[in-house]
Amino acid sequence: MAAQLPPLPAPPVKSSSPSKASTRVGIWLEEQPSPPSLLRPHEVHEQGRKRKRQKRVEDCCAKRPQRKSQCLMETSNNIARGSDRPSDRKLRSSKTGKHPTTPTHGRGANRPQAFTEQDNVRHGDGSPQKIDPDPTPRPIPRSRGRLPPGPKFDPAEQDVSSGSSRSFEHKSRTLSPTKTLGDLQYAEIPVDPRDWSAAMIPQELKPLVADMERIRTYIGIIPIAVRDKFAQVQESVYDFQCVEDWDNQESQDMSKNKGVTAKLQKEATDRVTGGLGHDLFWYEVNKIRKAHTRCRVGTKPEPAWNCEVHARLLYLALDGYWENKEIWYEDITQARIADKSLVPWNISSGAMQSKMVDYAIVISPSQDFTSEASQSLHNHVVEKLRRQDSSMKGINQTNAEWARHKPIGVNIETKKGAIGEVEGHVQIGTWITAQYNRLRQLCEEGTPLPSFPVLFVQGSRWTLMITCMRENSRIDLIRELPIGDTGTVVGVYQLIAAIRRLAQWVYSDYRPWFERHVLGIKGGLHS
């Protein structure tokens, strides 16, 4: 029989009544607030917001008990609508039991929460309004950020081409759209488009047109000194296209009876090359052809064509001899028609849209007045404008500072390509009409006005147009004679010859007429 083990001693029984010391410690611990480290920063911030919101509601209800239901309704509506603020989203989550943010112990354990008495929210007829206890947060509708209100769009001031076709500088709501030459036929001074024919050319411009026809057929436009260079650019040159420097159009006044001396030959070469010499002049011509290729292949806009091709060509053609004769060119893309009375006037709908052109060959007195004639011309122009009663302070149809004292002889309109042909013709018709109206203001009544040559450029293609004022107060726009192309070296030489012939017309024909009939100088100033 196995021996029985002695029983184990019973464990000591704990007393159910705590000591006084342990009771005091427990009470003290329960009364202590939760340490801040146990709460996240956003929870502390949210508690502060809820305390402030609760205090405002309690104060409102205490002062005006009748507004209690209104406060409850506003609070419930805000919850139902779903504010987009992060604090509101946290508050809604705490009420629905998701992610509680209210501490369950410590200082904030027994605080009352915001009103959620949805039974007090009712419809307008008094029936209870059912509110979703867990609404989807939705942003409050608000207006998107907008720029400050700007000037109202006025179709009359919208550019129809890149830089050269802009509206009249004075705003007007009665401007009649001018989109085709047919619109200009309804103007007070109609503009009639005409096809090019010898019978339509005014008598005064027939010598000019005859020389342009010669240039068009390449006769006498290539200096013999550079004939062999054309093989470098794979272009053919024929004998009839070449000319000696002293037989060039620019040197026709040289006397052949005295023989061609070395001095006369040098003078003729300087006239042809602008003092650069044939080699350097050839280099500049070839640069224009290359610039044309860059603009065409790169599909560059109209301002790029103007800067890289057209302005270079005008500079090379007029630099030197014709600049010394005070014939130069001006960029007038920003020169607006200054007086509303000069704009074509539609007999039924009022003033038409104003248009502008790009360049002009002008009579340009030198800025330093190196000659007596130059200073006298400037003084006569200024004195003529002083005697004018109108607000116009320019000798042309524009008050642009850089062109106001320089009479315009030849206008030039440029376009990037063939798509702007109709629009370009309208611009020319409108601008020329303003020029004729301005000359009428400056001349004595009944003075016959001259006819003007005009150049129209479409990409690389240059053409000559003629405008003339008929006796029945109608303007004929005669179009058009091709005179050159910047796509080839031969074409550039061709255009240089044409531009110089137009400069000669301005100097020899238009300037004497202008001095006599506009400025009132009987003997003339130029030599």
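# Briefing: a mixed sheet and its packing helices

Strands β9 and β10 run antiparallel and are joined by seven bridges. They belong to an open, mixed sheet of seven strands, in a model that is predicted. The protein comprises 13 helices and eleven strands, and 45% of its 527 residues count as buried.

- On its other pairing, β9 runs parallel to β8, with five bridges between the two strands.
- Q458 in β9 is the bridge partner of K415.
- Seven of the seven residues of β9 are buried.
- In a regular strand, side chains alternate between the two faces of the sheet.
- In β9, F452, V454, F456 and Q458 point one way, while P453, L455 and V457 point the other way, and all of them are buried.

- The strands follow the order β1-β11-β10-β9-β8-β7-β4.
- β1 (191-195) and β4 (327-331) each have a single partner strand and stand at the edges, so one side of each is left without a neighbour in the sheet.
- On average, neighbouring strands of this sheet are turned by 25 degrees against each other, direction ignored.
- One of the paired positions is Y329, whose bridge partner in β7 is I361.

**Helices on the sheet**

- Helix α12 (residues 421-442) lies across β1, β8 (408-415), β9 (452-458), β10 (461-469) and β11 (475-485), and runs at about 160 degrees to β8.
- Helix α13 (residues 489-517) also packs on the sheet, where it touches β4, β7, β8, β9, β10 and β11; its direction makes about 140 degrees with that of β11.
- The axes of α12 and α13 come within 10 Å of each other and cross at roughly 40 degrees; the two helices are therefore oblique to each other.
- Where these helices meet, α12 contributes Q435, L439 and L442, and α13 contributes Y510, W513, F514 and H517.
- By class, this contact has five nonpolar and two polar residues, and no charged residues.

**Two individual residues**

- W328 lies in strand β4 and has a relative accessible area of 16%, under the 20% limit, so W328 is buried.
- Beyond its neighbours within four places in sequence, W328 is in contact with Y315, L318, D319, E323, A360, I361, V362 and S364.
- The C-alpha atoms of W328 and L318 are separated by 6.3 Å, although the two residues are ten apart along the chain.
- E284 lies in helix α8 (residues 278-297) and is partly exposed, with a relative accessible area of 25%.
- Not counting residues up to four places away in sequence, E284 touches L276 and L316.
- E284 and L316 are 32 residues apart in sequence, and their C-alpha atoms are 7.8 Å apart in space.

- Among contacts between residues at least 6 apart in sequence, 69% join residues at least 24 apart.
- The protein exposes about 29,500 Å², of which carbon and sulfur atoms supply 52%.

Terms used:
Residues are numbered from 1 along each chain as its sequence is written. This is a predicted model: local features need pLDDT of at least 70, side-chain atom pairs count only at pLDDT 80 or more; totals for chains, interfaces and linings use all residues. Side-chain values use heavy atoms; hydrogens and water are left out. Two strands pair if DSSP finds at least two bridges between them. Helices (H or I, at least four residues) and strands (E, at least two) are DSSP runs, numbered from the N terminus. Axes are lines fitted to C-alpha atoms, for helices over the stretch in contact, and angles run from 0 to 180 degrees between N-to-C directions. Contact means heavy atoms within 4.5 Å. Angles under 35 degrees count as roughly parallel, over 145 as roughly antiparallel, 65 to 115 as roughly perpendicular and the rest as oblique. Ala, Val, Leu, Ile, Met, Phe, Trp, Tyr, Cys and Pro count as nonpolar, Asp, Glu, Lys and Arg as charged, and the others, Gly among them, as polar. Buried means under 20% relative accessible area, exposed over 50%, partly exposed in between (1.4 Å probe, protein chains only). Accessible areas come from the Shrake-Rupley method with a 1.4 Å probe; for residues, only the protein chains shown count as cover.
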